[in-house]
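Reader: Please take me through this model feature by feature, with the rule behind each reading.

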Amino acid sequence: MSDLGIWAVPLAILGGAIRVSTPFLFVSLGEVLTERSGRINLGLEGTLVFGAMSGYAIAFLTGSPWAGVLAAAAAGAFFGLIHGLICSLPRVNDIAIGIAMMILGMGLAFYFGKPFVQPVAPDLPAISFGWWSDLPQVRAALQVNVLFLIGGVAAFALWWMFRATRVGLIIRVVGDSTDAARAMGLRPALIRTLATAAGGAFAGVGGAYLSLYYPGSWNEGLSSGQGLMAVALVIFARWNPIACFGAALLFGGAGALGPALQSVGVSEGYYLYYAAPYVLTLGVLIATSSPRQAMTGAPGELSITK
Amino acid sequence: MGPRLDGSTMTDHGITGGVHSAPFQAWLAPVARRAEAVVLPLMALLVGFAVFSLFLVVQGKSPAEFFGLVYKAGFGTAFSWQNTLSRTAPLLFAALCVALPARLGLVVIGGEGAIVLGGLTAGVLGVALAGLPAALALPVMVAGAAVIGGLWIGTVGALRYFRGVNETIASLLMAYIAIALMNHLVEGPFRDPASLNKPSTAPLTDALRVGDIPGWDVHWGLLVGVVACVFSWALIDRTTWGFAARIAGGNVGAAQVQGLPVGRLILGFTALGGAFAGLAGFFEVTAVHGSANASLASGYGYTGILIAFLARHNPLAIIPVAILLAGFEASSGLVQRRMDLPDATTLVLQGIVFVAILISDTFYGRFRIFAPERWSKP
């Protein structure tokens with residue numbers, strides 16, 4: 001590390017940002033899809049954890065990490081479907097349901113995940129973009145996982161979908177006005193349920209990344225609020241998928257701050273650096289919220305901004 | 001905000017008069033209206049238990065054995081009651097930290113943060129004031145824990161009121177920050193060098209330990225928690241502040257038109273809830289652990305969320321619900337060992353019951369038996 005000196009820190013943060021940001025990216029894309037349809041799913045933390053467990057378990061049992069990713073997506077879609085169906089009932093509080101689903105998702109993940117804490121499942125592959133450099137630190141930083149690239153493509157695809165396709169238009173109409181959607185002959189409850197299920201699938205994939213690549217093992221302390229931070233990140237990104245991509249990198253960088261400083265021997269105040277992503281999330285929430293008018297870009301039917 | 005969180009069954013319809021026995025109906029009508037808020041949560045609880053039983057059956061485990069063991073280890077003997085009631089104390093405070101803001105339509109779920117910081121404050125003050133007589137030091141520790149807890153959750157209310165920051169997300173983020181802060185301080189500046197395996201503040205002197213209620217084998221936190229619940233009920237149900245809070249919780253715009261001090265209500269109710277959570281930390285440190293350490297973050301704040309929702313945010317109903325859930329937590333160790341279940345079983349049960357109780361919200365006003373004005377109609 002000594003030959004790079006102080007430059008080791010920003011390099012480690014960059015590499016860490018790419019590594020740490022992927023779960024943020026997937027969960028926030030899923031939440032954008034859900035919230036654009038006018039519903040909030042606070043339970044994605046539970047979906048993330050259950051996705052991590054099911055992805056790891058299936059990857060271990062089949063020997064294929066990609067089967068694990070598919071299983072995590074299916075499990076996430078199932079959780080989203082349940083959330084969506086319950087929220088379709090009249091007078092049910094979608095925020096509270098999210099909290100309940102978060103507890104249930106984590107409980108089921110820990111319950112069924114117990115036998116998979118010990119075994120080692122195959123990792124997801126990564127592509128090395130650092131071949132041009134002789135420095136091992138640069139190579140390590142530019143070791144990019146395939147899921148990160150897929151997430152980036154998905155961000156642009158979602159952006160395009162909301163902008164230019166019929167499906168995107170339908171989701172936006174349902175999210176902005178239930179009455180207008182009904183007048184157009186759409187079924188808001190059904191569309192919101194489907195959007196929540198699709199959003200859950202994204203969160204599940206984010207979880208599979210946690211257990212199958214970085215940190216790359218399954219245990220009960222795997223996620224510490226990444227799913228919840230991603231929900232806050234969506235407000236920061238103003239419900240724009242491409243902005244989510246940038247915000248996820250920023251949050252990933254904050255999450256990588258502690259380990260980066262540790263790698264150069266700074267261990268004082270470890271827990272405070274560990275808290276950096278939470279402080280950053282709270283800071284951007286305070287900076288981007290407004291007490292008076294509705295937030296720009298917010299779907300009209302969303303309960304947290306009404 | 002979302003639908004009614006307060007569980008009130010207020011209707012301003014009179015009794016439209018039955019054709020038969022009017023006096024009997026006049027007596028029964030108010031009972032029927034009140035019954036809805038009791039019967040529906042109880043049904044939801046039973047449905048939750050039934051779904052959980054199905055879950056156990058699918059796993060090849062016996063639900064009868066499970067609930068039998070919970071009864072035995074949670075409520076069966078004097079010793080198990082003592083264990084259950086000791087765990088009830090922090091749950092009462094944690095549930096109030098959810099129920100009080102809920103009167104204003106706020107969903108605050110970060111009570112764990114106030115518990116942790118309240119406990120840390122009590123532990124640190126206890127070490128600093130070790131030379132003083134207990135009659136002087138203990139009140140300062142109580143006040144310190146309550147003030148820190150109140151400031152922490154009051155900040156969530158202030159962010160909500162002045163900046164429009166979503167209180168659910170903010171409070172949970174602040175809980176993570178509080179735990180990190182506690183870990184930092186307990187491993188750094190306030191660490192007792194003698195605590196090797198588990199970094200802690202220095203142990204409290206015996207004079208500063210809170211003891212048991214005479215003849216009960218349960219520490220004073222239980223009694224103070226019950227008093228706090230009764231006080232909160234009186235505040236909400238019997239004072240103008242509580243009435244104003246209920247109006248503001250129903251419709252902030254209407255409350256402001258009426259000239260109600262919405263800002264002060266939000267700050268006051270969130271701060272009071274946080275102060276109670278801080279007291280939970282105080283009793284955990286002074287009556288249970290004897291010093292502040294990572295054991296403070298043991299999840300009482302999260303169980304408190306479920307309790308408050310099960311009690312429909314009624315502070316008096318919190319007392320029996322907290323005892324019930326404390327019994328489940330007190331028995332979890334034995335149940336897991338005897339039935340070879342993972343320790344996450346409690347979490348699964350809590351999640352299922354939580355979902356069931358929220359689904360029951362949709363059935364309010366659907367049953368004619370709870371609506372006297374509709375009894376005589378065909």
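Reader: How many residues of chain B are in contact with chain A?

Author: A contact means that the C-beta atoms of two residues, placed from the backbone, lie within 7 Å. By that rule, 39 residues of chain B are in contact with 43 residues of chain A. This is a predicted model, in which local features need pLDDT of at least 70 and side-chain atom pairs count only at pLDDT 80 or more, while totals for chains, interfaces and linings use all residues. Residues are numbered from 1 along each chain as its sequence is written, and chains are lettered from A and ligands numbered from 1 in the order in which they are written.

Reader: Which helices of chain B supply at least two residues of the side that touches chain A?

Author: Helices (H or I, at least four residues) and strands (E, at least two) are DSSP runs, numbered from the N terminus. On chain B, α5 (134-163), α6 (167-187), α11 (300-310) and α13 (345-359) each supply at least two residues of that side. α6(B) gives the most, with twelve residues.

Reader: How do the residues of that side divide into nonpolar, polar and charged?

Author: Ala, Val, Leu, Ile, Met, Phe, Trp, Tyr, Cys and Pro count as nonpolar, Asp, Glu, Lys and Arg as charged, and the others, Gly among them, as polar. The side of chain B that touches chain A has 26 nonpolar, ten polar and three charged residues.

Reader: Is B:Thr286 buried or exposed?

Author: A residue is buried if 20 or more other C-beta atoms, placed from the backbone, lie within 10 Å of its own, exposed if 12 or fewer, and partly exposed in between. B:Thr286 counts as buried because it has 27 C-beta neighbours inside 10 Å. This residue sits in helix α10 (residues 262-289) of chain B. Leaving aside neighbours within four places in sequence, its contacts include B:Ala122, B:Met141 and B:Leu208.

Reader: What share of the residues in chain A is buried?

Author: Buried residues make up 56% of its 306 residues. Chain A has 13 helices and two strands, and its C-alpha trace spans about 65 × 45 × 35 Å along the principal axes.
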